[in-house]
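Thanks for coming. I will go through one chain this morning, starting with the whole and ending with two residues.

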Amino acid sequence: MNRIVVATFAAALVGLAAGGEAQPEPPIAAGRVGALAIPHSMAAVQVDGVLDDAIWKDALALPLTIETYPRENQTPEVETTAYLVENGDQLLIAFDARDPDPESIRAYLRDRDSAFNDDFVGVVLDTFNDQRRAFEFFVNPFGVQMDLIQDDVSRNESSSWNAIWDSAGELTDRGFTVEISIPFSQLRFPRLAGEQTWGIDVLRFRPRAQRARISNNAQDRNRNCYLCQFSKFTGFSNAEPGKALEVVPTLTAARTDSRPTTIGPLEHGDFETEAGLGVRWGITPDLTLDLALNPDFSQVEADFAQLEENSTFALFYPETRPFFLEGEDYYASPLQAVFTRTVADPDVGTKFTGRLGSKNTVGVFATNDTVTNLLFPGAFGSRTTSLDQDNDAFVGRYTRGFGNTSTIGALVTSREGDGYSNEVAGFDGRYFINDQSTLRFQYLDSRTEYPAETAAEFGQAEQMDGDAWRMEYRYGSRNWFAQYWHQDLDPTFRADSGFISRVDIVQDRFEMNRTFYGADDAWYTDFRLGVQGARLKTSDGRLINRNIQPFITFQGPMQSFGRLGAGVRKEHWNGQTYDLQGGFMFGQVRPRSGLNINMEVSRGEQIDYTNSRLADQRRVAPQIDWNATQHLLVRLRYTSDRLSAKDGPTVFDAKLVDLRLTWQFNVRSFVRLTLQDQDVERNVDLYLNRLFTDPSTSSLSTQLLYSYKLNPQTVLFAGYSDNSLEDDTTRELEKTGRTLFFKLSYAWTP
């Protein structure tokens, strides 16, 4: 069935691609009323952040005269003018951002996609003018780039997309200036004779006591959409969308030393060097094929550490590998049936993404993986394992737009190996009811086969079929928000290409809140009163948990945000139902430039899942991000999690420290030191299974990483990492492994 499903899906895509290239659908015509024209000019320009080039005299001058947040569509306190022009190959944008107090401008040297707490300017481009998906380009006063994809269908903004473009910025005695050059080859837009119409939002963000958002477009808070409120711009009759060929050879080298036994010296490994090749081909202006041969798909930077004490479900770690991050929004759906970290160590991968006409989008990837990772979900917990065998994986996603911003889509995933297979297929959609209301739905069916030994070891059937579905209603207006969703996942449903760690459930969840806005001269921005709740049962009707929780949120001075809530819940575990009470608090504040502090605190009754009894939990998790200088960023995450028996004694006390020190040399290079320390102290007398419980465990991981990025594809990484462990066997911290690594890639375009 695997090959039949893949072949059928591929044939459908080939047919759609053939039709999509020959007859592109026209953009929405409604935007032509009152549209502004972006001029064409061949005058000289040098992107250096200084607005002294001849081309800016030919550009459209666009003043940003509307502050949309925190003040609602009011005149901003600062003057900003954007200049837009194109030269047939590039869209060129300049900003003259004035400030009455230039010393207050917040700007630091940072890695790309990480300057969102600074002052910055940029543009959002709805190049198909269909109000569904847009490209975002932002730059801080030092030229640090941030590029994202805005998906207005799923209400998701993702920084995983990376384009090759040019930018520069400069601080002045009147504020700052920025120049941006975006090659048309990096964008997707229709191939049309004559001029085009794009929706464009031009933005400036000015963080001070409050974070002001300044635009050329007013924002109607009673409309639950973003791209639908863009001004329309015409022009680009000389623009050619990209059909470029990009070849990226890679070279990786690594040596890993490991300890074969618990105690003893590390054994030196050999340096292993591998060459790989990545190819990106623009088949059409809207469709891109990526091929990776013998790639290094290992992630470079360490994940943020997490505590897993008293947890029954697998932990989620986000994807960080560029091959899979690119175009990840194409695979999004209400149920997380696609999660690329299930692909562990592939030796070949290929992707096919893009648009067919103005309404159809497609995303496909296929890999041959040398490791088969498995997640066994359940109603009360999940387990994981890895099989030392290859598998062939395939994911295909297709969506078609209709109406204003409604969509209908299909999803197919498949993994197949020796004695193992998992296939998932289904459909989903989003129906735009009106400016405030949307309805989303998804149905998936799965068929799974496990090897006999694996099925017996983990208590799974060798063959199983199951289905899952979800329905969600969302309402959003200026003052009110409401959301309700229902989902039903069979005990035998499996999505091995995704991350669904809980099945055998029927779940209902709701949230409702009311927002109260402060006046323009008020000391607070807004506060929100609301309530949320959920009910979760097994497929045969047994209660798992039920909860209800009132909450209040607040936004105020020093860009502060707070959320406070308390509630009661009923939870069933190991044959017993518990009545639990608890509360939580989250707070965030930016008291000065370059300093961000937040704190999460929760306290209340919790189930001790390991020992099946009622306990009290206290969890404290502060985080500090501090730009000590223009070059030095200190990022500290600390977590303390303590569980105590109801009669007082501590069951466990877990602490986690994740410290990252980054020295940013310039916008292209940095060196980062990461230290991750985890300590868990347990009162073994309170554990039912004392013989297999260590009284304490401690681990320490370090990483030193150097990074140089000429662009997202031309990169150099070099680093060192090691791991140490202390438990009842080692008695002290002993190194368990260390690695030296090097990676070089270069983007070549013929």
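How many positive and negative side chains does the chain have, and how far apart do the centres of the two sets lie? There are 74 positive and 103 negative side chains, with the two centres 5 Å apart. Lys and Arg count as positive and Asp and Glu as negative, while His and the chain ends are not counted. Each charge is placed at NZ of Lys, CZ of Arg, CG of Asp or CD of Glu.

Some ground rules. This is a predicted model, in which local features need pLDDT of at least 70 and side-chain atom pairs count only at pLDDT 80 or more, whereas totals for chains, interfaces and linings use all residues. Residues are numbered from 1 along each chain as its sequence is written, and side-chain values use heavy atoms, with hydrogens and water left out.

On confidence: pLDDT is the predictor's confidence in each residue, from 0 to 100. The chain averages 90, and 94% of the residues score at least 70. Over residues 1-33 the pLDDT is below 50, and this stretch has 44 contacts in the model beyond near neighbours in sequence. Contact here means heavy atoms within 4.5 Å.

Now the overall fold. The chain has 3 helices and 40 strands; these are DSSP runs numbered from the N terminus, helices being H or I of at least four residues and strands E of at least two. The radius of gyration is 27 Å, which agrees with the value near 27 Å for a compact globule of 750 residues. That radius is taken over C-alpha atoms, and the globule rule is 2.2 Å times the number of residues to the power 0.38. The C-alpha atoms fill a box of roughly 80 × 60 × 55 Å along the principal axes. Of the contacts with a separation of 6 or more, 59% are between residues 24 or more positions apart.

Buried residues make up 51% of the chain. Buried means under 20% relative accessible area, exposed over 50%, and partly exposed in between, with a 1.4 Å probe and protein chains only.

Is S560 buried or exposed? S560, in strand β31 (residues 560-573), is buried, because its relative accessibility is 14%. Beyond its neighbours within four places, S560 contacts F554, Q555, Q588 and V589.

S696 lies in strand β38 (residues 696-709) and is partly exposed, at 25%. Not counting residues up to four places away, S696 touches V680, E681, R682, E726, D727 and D728.
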